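Thanks for coming. Please have the sequence and the model open.

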Amino acid sequence: MAEQRPSTAPRRAMVLAAGLGERMRPITNTIPKPLVKVGGQAMIDHVLDRLADAGVERAVVNVHYLADQIERHLAGRSKPQIVISDERAKLLDTGGGVVKALAELGSEPFFHVNSDTIWIDSVKPNLTRLAEAFDPKLMDALLLLAPTASSIGYSGRGDFTMTADGVLKRRAEREVAPYVYAGAAVLTPAMFAGAPAGPFSLTQLFDRAQEAGRLYGLRLEGVWMHVGTPDAIKLAEAAITASAA
């Protein structure tokens, strides 16, 4: 049964599924990364199931690489309703893809989720926690952050530091930060006002929100898995099996 969601919980979501999946080769030579299975289920279905449980009614999914496969896979899905944002002609990156889809996302805050992000929830689902914690009066973006020390399959230097009240600061080039962006957020459409035309990275708008003091984070409760390579699939599956035992 889905968790009771707050009345202001996002009812729409953007799911990024247009990437090339280069680090997942050779698997992604013939299968787009969102359709790679972890624990017997395509990664994008892990994401869409969580969004449906969080009360999302419409998910905009952008496609580019091996787009026909993703469209066929999602054709029979009704919860949430799927809207395809076609980027076959030109890959628009994480920011430009959202700009293209804004008309379908509406005027209210929306979930923004990578199609290949997987985590194990704790007592309360993390998407519900994001929705409850989001305050549009204070925030342009609320990012779900995983502690680098306890994340599975992640060996990077982290992305952000976070104050006690959740204000984020991006890691400087030679620093190490305790939190990594877990690939899920609540964003406001207003955040994209004046955004660049064409392809651009969403990190540009995160940086702009940080400068305005409107970039916030929420620590993930549970375990986040960075499934970026074929070897990481086995680590994630072992964690999922252990959590179900």
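**From a loop to the pockets and cores**

Start at Ala75, which sits in the loop that joins helix H2 (67–74) to strand E5 (81–86). Helices here are DSSP runs of H or I with at least four residues, strands are runs of E with at least two, and both are numbered from the N terminus. Is Ala75 buried or exposed? Ala75 has a relative accessible area of 64%, so it is exposed. The cut-offs are under 20% for buried, over 50% for exposed and partly exposed in between, with a 1.4 Å probe and protein chains only. Between the C-alpha atoms of Ala75 and Ala101, 26 residues apart along the chain, the distance is 19 Å.

Before going on, the provenance. This is a predicted model, in which local features need pLDDT of at least 70 and side-chain atom pairs count only at pLDDT 80 or more, while totals for chains, interfaces and linings use all residues. Residues are numbered from 1 along each chain as its sequence is written, and side-chain values use heavy atoms, with hydrogens and water left out.

The largest pocket holds about 1000 Å³ of space. It is lined by 37 residues, and Lys33, Thr94, Asn114, Asp116 and His226 are the closest to its centre. A pocket is an open set of points on a 1 Å grid over the protein atoms alone, where a 1.4 Å probe fits, with protein on both sides within 12 Å along at least five of seven lines; lining residues have an atom within 4 Å of a point. Volume is the space filled by probe spheres set on the points, with grid points joined across faces, edges and corners.

Which element gives the most to the lining of the largest pocket? That is E11, with four residues. The elements that each supply at least two residues include helix H3 (93–105), strand E6 (110–114) and strand E13 (222–225). By type, this lining has 17 nonpolar, 13 polar and seven charged residues. The second largest pocket has a volume of about 240 Å³. Its lining has 16 residues, with Thr8, Ala9, Pro10, Glu108 and Pro109 nearest the centre.

Next, the interior. In helix H1 (residues 43–53), the buried residues are Met43, Ile44, Asp45, His46, Val47, Leu48 and Leu51. After H1 comes Gly55, with a positive phi near 95°. Ile44 and Leu51 are, with Phe111 and Leu130, the residues with the most contacts inside the largest nonpolar core, which has 39 residues. A second, separate core has 25 residues, among them Val60, Leu145, Phe192 and Leu205. Such a core is a set of buried Ala, Val, Leu, Ile, Met, Phe, Trp, Tyr and Cys residues joined through side-chain atoms within 4.5 Å.

Last, the aromatic pairs. The whole structure has three of them. In one, the ring centres of Tyr154 and Trp224 are 6.1 Å apart and the planes are at 55°, so this pair is tilted. Rings of Phe, Tyr and Trp (its six-membered ring) pair if their centres lie within 6.5 Å; planes under 30 degrees apart are stacked, over 60 edge-to-face, and the rest tilted. Tyr154 lies in the loop between strand E8 (141–147) and strand E9 (160–162) and Trp224 in strand E13, so the pair ties together parts 70 residues apart in sequence. Tyr154 is buried at 19% relative accessible area, and Trp224 is buried at 6%. Tyr181 and Phe206 have centres 5.9 Å apart and planes at 80°, so that pair is edge-to-face. Both Tyr181 and Phe206 are buried.

Notes: Nonpolar A, V, L, I, M, F, W, Y, C, P; charged D, E, K, R; others polar.
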